[in-house]
Amino acid sequence: MKYRAVKGMNDILPEEARRFQRVERIFREVVESYGYRELRTPLVEEAELFHKSTGETSEIVQKQMFMLAREREQLALRPEGTPSAARVYIGETMHAREPLTKWFYIGPMFRAEQPQRGRYRQFHQAGCELYGDSGPLSDAEMIDMLYRLATRLGLSGVKVSVNSLGGPDARLLYHQRLVEFFTPQLESLSPHAQARLGDNPLRILDSKDPRDIEACVGAPLLLEILTDDDRKHWEGLLAALTVLGTPFTIDTSLVRGLDYYTRTCFELTADSGEIGTQNAILGGGRYDGMLKSLGGQDQPAIGFAMGLERLLLALGEQKIAEAPLCFIAPLGAPAQMRALELGRDLRARGAYVEVDGRGNSLKSMLRRAGTMQARVALVLGDDELARGVVQFKDFQAHQQSEVGFDEVSERVLDCLAQDELPEGEAKA
Ligand code: HAM
């Protein structure tokens, strides 16, 4: 085979696409019930947008952007959705239009990472961004919404981790404390951590390198040097999560890989299905400084993004129920014409119908109906056409009967309706 999909980019075949659709549908239902409305933005942005927001010291900007150079433009395939949404918020002067803006998005993102299970170069995120509320209640409500969403999706072994990264003042102080703490042990740090000590020592805390993990023992905690306002926010968050009954864990090593977070950050992990070690199914946090740094008004913001491929790995090989199907097997040209009409009329009334127009033998058509797990089949040839009837095969009841043209649609619709999909499942 000559052509293959590009490394780290996956084809999504129909059965898998149905699993994506189910997750996307439940995601929409849940976030819309909290007032989020959909935003769609281009897949390509000016690269500078990500330098300015995702951050120069983030791995994404340093190593993972897919660049598109065109004439004098430096463009990039979006590695995440937050900067694009911020660009729109600023460009549309949303702060002047509404006091609080809540958007969600679903779509592909691109990062040139080393592909492995749960880590791809093109992957899909479903995320939300909320602008205009700096209080901790919106943080708590978002985190609780995500826990409820995970439960509704059927995930098990879900862990909600939260931390506070403080505001700019606490961060500055913390930066100094970390430099003081790590400098005497510089030699024992990994080369990556040594580089981070210069630009973003916070990132050393979430390094997976055993040398860095050991060096982090006894490191100062950000939670201990929060300013009074940061602490008030943090305590407000914990109190609201407790009222909402969201099970959560405080994880002081949770720093997240993007530069823009302030105060609250959070992550949900799952240990079910085949998720393996890449088990963060979603992450997010507050980024109160981003809009101003991009030239907008000084507005607070918070958001998250969920990785759909990881979520599906965590859900395991769940089979999504197919919508019940009516299969029409006509024999001969006149019957084929009648079958086309019947199919059109049934679909107009909401049925899922497959008309087999190949002109094959009855046996071959019925074999196909079986493979497609049809609920009913309608067989008609010259004789049936002359008498105004079809042979009605009810595969579930294992019965066959003759039904007149005038009542066949009703009978089919009745039969398909009996085959109810599980609760909450729409026809995908
Ligand atoms: P992030 O932590 O970089 O945050 O990504 C969020 C989620 O996307 C991860 O938890 C993971 O499930 C998924 N993900 C990330 N990279 C990959 C990959 N290479 N392959 C598969 N899945 C992946 C953000 O993107 C922020 N924009 C979240 C946010 C929104 N913060 C505030 N607002």
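Arg 263 is found in strand 9, strands being DSSP runs of E with at least two residues and helices runs of H or I with at least four, both numbered from the N terminus. The structure is a predicted model, in which local features need pLDDT of at least 70, side-chain atom pairs count only at pLDDT 80 or more, and totals for chains, interfaces and linings use all residues. Residues are numbered from 1 along each chain as its sequence is written, and side-chain values use heavy atoms, leaving out hydrogens and water.

With a relative accessible area of 18%, Arg 263 is buried (under 20%, with a 1.4 Å probe and protein chains only; over 50% is exposed and in between is partly exposed). Beyond its neighbours within four places in sequence, Arg 263 is in contact with residues including Asn 163, His 233 and Arg 286, where contact means heavy atoms within 4.5 Å.

Turning to the aromatic rings, rings of Phe, Tyr and Trp (its six-membered ring) pair if their centres lie within 6.5 Å; planes under 30 degrees apart are stacked, over 60 edge-to-face and the rest tilted. The count by this rule is eight aromatic pairs. In one, the centres of Tyr 260 and Tyr 287 are 5.4 Å apart and the planes stand at 55 degrees, so the pair is tilted. Tyr 260 lies in the loop between strand 8 (249–250) and strand 9 (262–269), and Tyr 287 in the loop between strand 10 (280–286) and helix 11 (290–293), so the pair ties together parts 27 residues apart in sequence. Both Tyr 260 and Tyr 287 are buried. Elsewhere, ring pairs link Phe 27, Phe 104 and Phe 304 into a cluster.
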